Structures are given as structure tokens and as C-alpha cells.
Amino acid sequence: MSEEQPAPGSAAEVAARHNVPEVLVELCAELSEHVRVGALDDEIPAVEADIERPEGAWTLQASLYSDGAVLGVVTLLPEPVPEERRAEVAALLGSVNWDLMLGNAEMDPEGGMVRFRTGLFLAGDPLTERQANAVVRSNLGTAALVFPAVSAVVAGEATADEAARRIRDHLVEHGVDLG
């Protein structure tokens, strides 16, 4: 990503320079001290943030596609799944996705990178603070539930079925943490 680190108080200037909604820059700056604003593949306006939570550390990317008509939010695990564990992780993700209402967990079958993806069709309207908060926070909350399960399966600490059951039980009892 071509990027620029916003200085405190400069979110509006940086957002305008990169054609990214200011609300996304401000939200990511609230969630992380390490925020980059720029473009994915030198053309898709995006904000990227290094997220650190008790459950782990990940990279969040929020991007506008189709001339700003679609907000895409992706949270990425930092390390790819080793080839010998990909079948078990794929089984976990398939099971988990069945239970999720918003977004989906995916693994690149060739490289083993895992991401959680959510999106919002804006229908030509500008992105609001409420919309940005809902999509980004639901993405992070679900990633915080799914990614530790992926890590447990990769480490051999749980089978796909065991990890999926824990996620399902958590969703039934608590829902997704939107904090």
C-alpha cells in the first residue's frame, strides 16, 4: 500500500489527499496508534491500522471500492497457515461461516493467508460515522473470536470441530464483541 501516516489532528487533510472518508481515518486512529492512509494497489483508497487486542494482533484494512459505492473491511492474520494445517483450518472456517450473520472468514488456498471480511453497500451515499463504526467494529469483534480459534487449530491445540463448537457456544451466549 502506498501510504501516509497521519499526524495527530490532521485526519481531514490526509483523508482528503487520499480520497478516503475522514470518518475512517478518525475511527482507525481511535483503534490504533499505527495508522496508514493511502491506496491498495496504488488505486483503491484505503486506511490500514495495526490492531492489538488481548486476543492477538492483526492488520485491519478499510477500503472504498467501485468509486466509493462499497466499503470493504478486512482483518488479516499476520502469518499464513502452514500448508500441512490448511485442510483443518479450511474445515474450521467453513463451519464457522455457516453460523456468522455478518461477514465471512476466508483462507487463500495457495498462500494460506487468513482474513475476516465484511462489507457495506453505500448506495451512492457518503459513509457515516455510525456505518463505519458498525462495520469496522463488527469485523474486529468477529476476528477476535475467529482468529484465536484459527491459531489453536494451527498449533494443534484444537481440532476444527472443537474450535468451531467453542465459537458457536460463544455466539449463542454472548454474541460478537463490538467494543
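So, helices α3 and α5: how do they run relative to each other? Roughly parallel. This is a predicted model, by the way. The axis of α3, residues 86-99, and the axis of α5, residues 160-174, come within 9 Å and cross at roughly 25 degrees. Anything under 35 degrees counts as roughly parallel, so that's the label this pair gets. And if you care about handedness, α3 passes α5 in a right-handed crossing.

Who makes the contact? On the α3 side you've got Glu88, Ala91, Leu92, Ser95, Val96 and Asp99. Over on α5, look for Ala160, Ala163, Ala164, Ile167, Arg168 and Leu171. Sort the residues of that contact by type and you get 8 nonpolar, 1 polar and 3 charged.

Okay, on to the core. The largest nonpolar core has 51 residues, and Leu24, Leu92, Val114 and Val150 are the ones with the most contacts inside it. Which helix gives this core its largest share? That's α4, with 13 residues.

Last one: threonine 142, which sits in α4, residues 129-154. Is threonine 142 buried or exposed? Buried: the relative accessible area is 3%, and the cut-off for buried is under 20%. Again leaving out residues up to four places away, threonine 142 touches Leu100, Phe116 and Val176.

Note on methods:
Residues numbered from 1 in each chain as written. Predicted model: local features only at pLDDT ≥ 70, side-chain atom pairs only at ≥ 80, totals over all residues. Heavy atoms only, no water. Helix = DSSP H or I, 4+ residues; strand = E, 2+ residues; numbered from the N terminus. Buried < 20%, exposed > 50% of the residue type's maximum accessible area, 1.4 Å probe, protein only. Contact = heavy atoms within 4.5 Å. Core = buried A, V, L, I, M, F, W, Y, C linked by side-chain atoms within 4.5 Å. Axes fitted to C-alpha atoms, helices over the stretch in contact; angles between N-to-C directions. Parallel < 35°, antiparallel > 145°, perpendicular 65-115°, else oblique. Left-handed = near helix turned anticlockwise from the far one by under 90°. Nonpolar A, V, L, I, M, F, W, Y, C, P; charged D, E, K, R; others polar.
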